[in-house]
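Visitor: Could you walk me through this structure? I am new to it and would like to ask questions as we go.

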Amino acid sequence: MGDTVLALPVLDALGASERQLAVLGQPNLESLLKSQQSVAEFVPRSSSDTQTVQQLREALCDEAVVLPNSIRSARLVQQA
């Protein structure tokens, strides 16, 4: 929850640049993230990395911003 709250200003700044944001997050954070005007789509993080990669591919994103300092998070985005 804390990392998500800290990410909200980044999401607002990206949204202000007229990007349509698809945000990947834990399912329990969906209502918080969808309450942000800048978030156009919420992609729930699956317990399966393979399923998460597939969901990211289906979102058809042109670019990615990875906020957690995590190799796993970066790898999921790179695979998608």
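Visitor: How many salt bridges does the structure hold?

Guide: The structure, which is a predicted model, holds 5 salt bridges. A salt bridge here is a side-chain nitrogen of Lys or Arg within 4 Å of a carboxyl oxygen of Asp or Glu.

Visitor: Why can such side chains pair at all?

Guide: Side chains can pair because they carry opposite charge and their charged atoms come close.

Visitor: Before going on, what rules apply to the numbering and the values?

Guide: Residues are numbered from 1 along each chain as its sequence is written, and side-chain values use heavy atoms, with hydrogens and water left out. As the model is predicted, local features need pLDDT of at least 70 and side-chain atom pairs count only at pLDDT 80 or more, while totals for chains, interfaces and linings use all residues.

Visitor: Which residue forms a salt bridge with Lys34?

Guide: Lys34 forms one with Glu30, and their closest N and O atoms are 3.2 Å apart. Both residues lie in helix 2, 4 residues apart, about one turn of the helix. Helices (H or I, at least four residues) and strands (E, at least two) are DSSP runs, numbered from the N terminus.

Visitor: Is Glu30 buried, exposed or partly exposed?

Guide: Glu30 is partly exposed, with a relative accessible area of 29%. Buried means under 20% relative accessible area, exposed over 50%, and partly exposed in between, with a 1.4 Å probe and protein chains only.

Visitor: And which salt bridges does Asp49 form?

Guide: Asp49 pairs with Arg45, the closest N and O atoms being 3.6 Å apart. Asp49 also forms a salt bridge with Arg75, where the closest N and O atoms are 3.4 Å apart. Asp49 lies in helix 3 (residues 49-58) and Arg75 in helix 4 (residues 71-79), so this pair ties together parts that are 26 residues apart in sequence. Salt bridges that share partners join Arg45, Asp49, Arg72 and Arg75 into one network.

Visitor: Where does Arg45 lie, and what is in contact with it?

Guide: Arg45 lies in the loop between strand 2 and helix 3. Leaving aside neighbours within four places in sequence, Arg45 is in contact with Leu24, Gly25, Gln26, Pro27, Thr52, Arg72 and Leu76. Contact means heavy atoms within 4.5 Å.

Visitor: Changing topic: how do the strands pair?

Guide: Strand 1 and strand 2 (residues 39-44) pair in the parallel sense over 5 bridges. Two strands pair if DSSP finds at least two bridges between them. Val39 in strand 2 is the bridge partner of Leu21.

Visitor: Which face of strand 1 is covered?

Guide: In strand 1 (residues 21-25), Leu21, Val23 and Gly25 form the covered face, whereas Ala22 and Leu24 form the uncovered one.

Visitor: Now the whole protein, please. What pattern does it follow along the sequence?

Guide: The pattern is α-β-α-β-α-α, from 4 helices and 2 strands. The radius of gyration is 12 Å, close to the 12 Å that the globule rule gives for 80 residues, so the protein is as compact as a globular protein of that length. The radius is taken over C-alpha atoms, and the globule rule is 2.2 Å times the number of residues to the power 0.38.

Visitor: What does the C-alpha trace span, and how much of the protein is buried?

Guide: Along its principal axes the C-alpha trace spans about 30 × 25 × 20 Å. Buried residues make up 31% of the 80 residues.
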